[in-house]
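Subject: Structure handover

Hello,

Here is the structure we talked about. Please open it alongside this email; my notes follow below.

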Amino acid sequence: MEIDLRHLRHARALAEHGNFGRAAWALRLSQPALSRSIAELERQVGTRLFERSTAGIEPTDMGSLLLERAGELLARSEDLGREMEALQGRGAGALRIGAGTYTAEMVAGDALAALLRESPDVQARVVVDNVLNLLPLLRRRELDVVIGDASVITEDPEFHITGLAPRQGYFVCRKGHPLSKQPSLTLTDILAFPLVSTSRLPPRLLGPIVAATRRPLGLADSHAGPAITCESLGIMKTVVAGSDAIAILPLTAMVRDRDSSLFTVLPLVEPWLQGNFAIIRLARRTPPPSGDAFVRLLLATDAELTRITGTLRDRLFAGRMRARPARRGK
């Protein structure tokens, strides 16, 4: 049995849109042409692939299985077409970027600005989310590159990983916060206040936070884990600036905000708050031409941020930051 890739693309679009009219519009086909294409695909495979009702279009079990198997085939076909165009000097292709919550603000924006300065005609789409939600999109070739916390990735030959500089995370509160004047703090002191963070905290962060929020009976309950989770550093900082909440932020995410005197970095450094960020790509996949340029600019941006934040940290926090106090009995 030979299946036309064109029919598979049409079936994928119909499953995504759940409606013949919308799918036809996205494919730039007439609705009758799309209906004929789906009917021909169903004839070729010998079974119904979609259930049609007034509520919309849903793949049958066989349709879902076919689309799952077809996804890799279509992705490789699209990769091949893009590589052939690149070799012939035709079309750079849109760059599809996944940026983790912290890396989106730390390096992605500046690197994209630099890419546009070099190539004003470049096209890119950026998805900002927790890196654990981005990796499946990278595997399905819906993204070309992901920038995020590499500590959540187990060793996998499927990925090509380029490390960025490690970034220390700090507990950050608003100016005038009740903790801002205290010269010595423990993790339990800090976590007595609401915590704002990214969702799906990795075990290296979640373990110490949960342990520190356990209080003996009879004492007031502290906040067990983050009170607010989101994937926007802008929202995190707005919440912190307007309340007694505390966020975990790298210094690179606060360089501009320090100038407005909104925040105070609390004098406690926890080694487990250090993030090891990386550029993550599929090992056996050729990115669009703009992909290599973007990676190069990411590395340059990261190196410049290391220089700037190192100087800023030394100037602002010399003598203030304290390592985590040793536990009693050790």
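The protein has eleven helices and twelve strands. Helices (H or I, at least four residues) and strands (E, at least two) are DSSP runs, numbered from the N terminus.

The model is predicted, so local features need pLDDT of at least 70 and side-chain atom pairs count only at pLDDT 80 or more, while totals for chains, interfaces and linings use all residues. Residues are numbered from 1 along each chain as its sequence is written, and side-chain values use heavy atoms, with hydrogens and water left out.

Of the 330 residues, 43% count as buried, meaning under 20% relative accessible area (1.4 Å probe, protein chains only). A disulfide is a covalent bond between the sulfur atoms of two cysteines. The search of the whole structure found zero disulfides, using a cut-off of 2.5 Å between cysteine sulfur atoms.

Two strands pair if DSSP finds at least two bridges between them. S9 runs parallel to strand S8 (residues 195–197), and two bridges join them. Val196 has Ile228 in S9 as its bridge partner.

Among contacts (heavy atoms within 4.5 Å) with a separation of 6 or more, 77% are between residues 24 or more positions apart.

Regards

Notes:
Buried means under 20% relative accessible area, exposed over 50%, partly exposed in between (1.4 Å probe, protein chains only).
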